[in-house]
Amino acid sequence: MRTYGCQMNEHDSERIAGLLEMDGLEQTESFDDADVIVLNTCCIRENADNKLYGQLGNLKKLKEERPDLQIAVGGCLAQKDRDGIRERAPHVDVVFGTHNVGRATDLLGHARVSGPITEIIEESESFPSALPVKRDAHHAAWVTIQIGCDNSCAFCIVPSVRGKEISRPYSELIGEVEQLAMAGVTEITLLGQNVNSYGRDLTLKLRGTQVSAESSELVGEAWVRGPHTARPLFSDLLCSVAEVSGIRRVRYTSPHPKDLRPETIDAMAQVPEVCEHLHLPLQSGSDDVLSAMHRGYTADRYIEKVDAARRQIPDLALSTDIIVGFPGETDVDFERTLEVAAEVRFDNAYTFVYSPRPGTEAAELVQRFVPAKISAERMERLRRVIERTSLKGNESRIGHDEEVIVEGQSKRDSEMLTGRTRHNRLVHFPAQEKIRPGSYAQVRVTEARTFNLVGELLEVTAAAKHRTRIPVVSS
Ligand code: 5AD
Ligand code: SF4
């Protein structure tokens, strides 16, 4: 399995791997040893396309040497390019989309008998989380709470490949979290394209109907007890997930700034399990660019939301996504992005050069495209601002005792362990004793770097249990 793109895709891959294992396959480390290769693709930015087609080019020789090798391509790029994938890479056996992840093994079986197949469906109400799963980490799990997106950001291809927003029923989500907790998972990350609108579609469905016990299965008890208005359920969900016995940390990604509601911040401030970390995509600091992007907020409104969140959660870590070189972005627009980034003091930012996605509104604005050289220069300046604020944020942790989840041995130094703080910062610390991944420990921060912290171990507060297999979740 090779996965490109976001956490949603990583999660879909866990499900595809789970299905393949149920079918009797085992994971291999190298393509050379594999009988089946699945590439789970992303199309959100252009370099993801290039990477995929490059990879497929490399695999052609392998397929020629071993005609029995099966190559499958799934995910967003498959959903978008469809037959185009096999036209560019005829050695691919199976192409499947984002809505038929659950068919991966059937399609491979079909292709073995009847030859190559492309199957893309437009829409489905099934969620990847209803499929078996094979996870890399045993202490942390992603849970998809909604699929699709109802927004129409001018640069973004997600609505056209992932479809309209559909929320997963409340009790099904809690049921999955309970099963995960029983299997030893202590950290849950709720995933969605626009998590703050989670449940809006569900409560709309129930408006004007007779509310019954079954309604709480769909929308949770808090809604059933409340005034039955059509409203998002995300803050209820944060509370319910945190209440599940064994869950010690709850995270979520991503909220849309225009929909970030006070109830969500209240839940973050009041519920101890919800981590003090907010990932809030800014995209641009210029009001003109934000408006052209159809983001539905101004820079001031964004800053107000961050200030309000910080008032309630003073120790909040903040991360973001920013696009540089959106069509028509002027030097003045870009300076605003730098100003807002410096003012807001991001602890971390994912920065992207704008890449036109065919079929999106912004891709039509060819005359206004920003030359690559200018985007690259802007990117470099933005990177420096982010690194400065990120280092400052890390320095502010020196002397603090932080709770970390131990992730394992440090990749650079086998004498060191790495752990993640509640703020999602990586900490390296030396450890004489063996500490199992998934254990919780207190670490005193002694040194700050741009991208991580260094500390010393104070004590292990909760040793991870022996690994248990995550049960197959069915619904
Ligand atoms: N070009 C560059 N970045 C993009 N993103 C989404 N679409 C594009 C695009 N066409 C970025 C946004 C989003 C993140 C997941 O990817 O910043 O928040
Ligand atoms: Fe894309 Fe905007 Fe939806 Fe995010 S909110 S997935 S950027 S359309």
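Before reading the strands, I noted that two strands count as paired if DSSP finds at least two bridges between them. I also noted that the model is a predicted one.

Entry on the sheet. I looked up β11 and β12 and found that they pair in the parallel sense over three bridges. Within this pairing I located H277, which stands opposite A317 in β12. I then followed the open sheet of three strands, whose order is β11-β12-β13 with parallel pairing. β11 (277-279) and β13 each have a single partner strand and stand at the edges, so one side of each lacks a neighbour in the sheet.

Entry on the ligand. I listed the residues that surround ligand 1, among them I44, R45, Q283, F352 and Y354. By class, I recorded six nonpolar, two polar and three charged residues in this shell. I then looked up polar atoms: a polar side-chain atom of D321 lies 2.7 Å from an oxygen atom of ligand 1. On the backbone side, a polar atom of S355 is 2.8 Å from a nitrogen atom of the ligand, and one of F155 is 3.0 Å from a nitrogen atom of the ligand. Ligand 1 taken alone exposes 410 Å², of which the protein buries 88%. I noted that β12 (317-324) and β13 (348-353) are the elements that give two or more residues to the shell.

Entry on the domains. The domain assignment gives domain 1 (2-119), domain 2 (129-395) and domain 3 (401-462). I found the C-alpha centres of domain 1 and domain 3 to lie 36 Å apart.

Conventions
Residues are numbered from 1 along each chain as its sequence is written. Chains are lettered from A and ligands numbered from 1 in the order in which they are written. This is a predicted model: local features need pLDDT of at least 70, side-chain atom pairs count only at pLDDT 80 or more; totals for chains, interfaces and linings use all residues. Side-chain values use heavy atoms; hydrogens and water are left out. Domain bounds come from an automatic or database domain assignment. A residue is near a molecule or strand if one of its heavy atoms lies within 4 Å of it. A polar contact is a pair of N or O atoms within 3.5 Å; within protein, one must be able to donate a hydrogen and the other to accept it, and residues adjacent in sequence count only if both atoms are side-chain atoms. Accessible areas come from the Shrake-Rupley method with a 1.4 Å probe; for residues, only the protein chains shown count as cover. Helices (H or I, at least four residues) and strands (E, at least two) are DSSP runs, numbered from the N terminus. Ala, Val, Leu, Ile, Met, Phe, Trp, Tyr, Cys and Pro count as nonpolar, Asp, Glu, Lys and Arg as charged, and the others, Gly among them, as polar.
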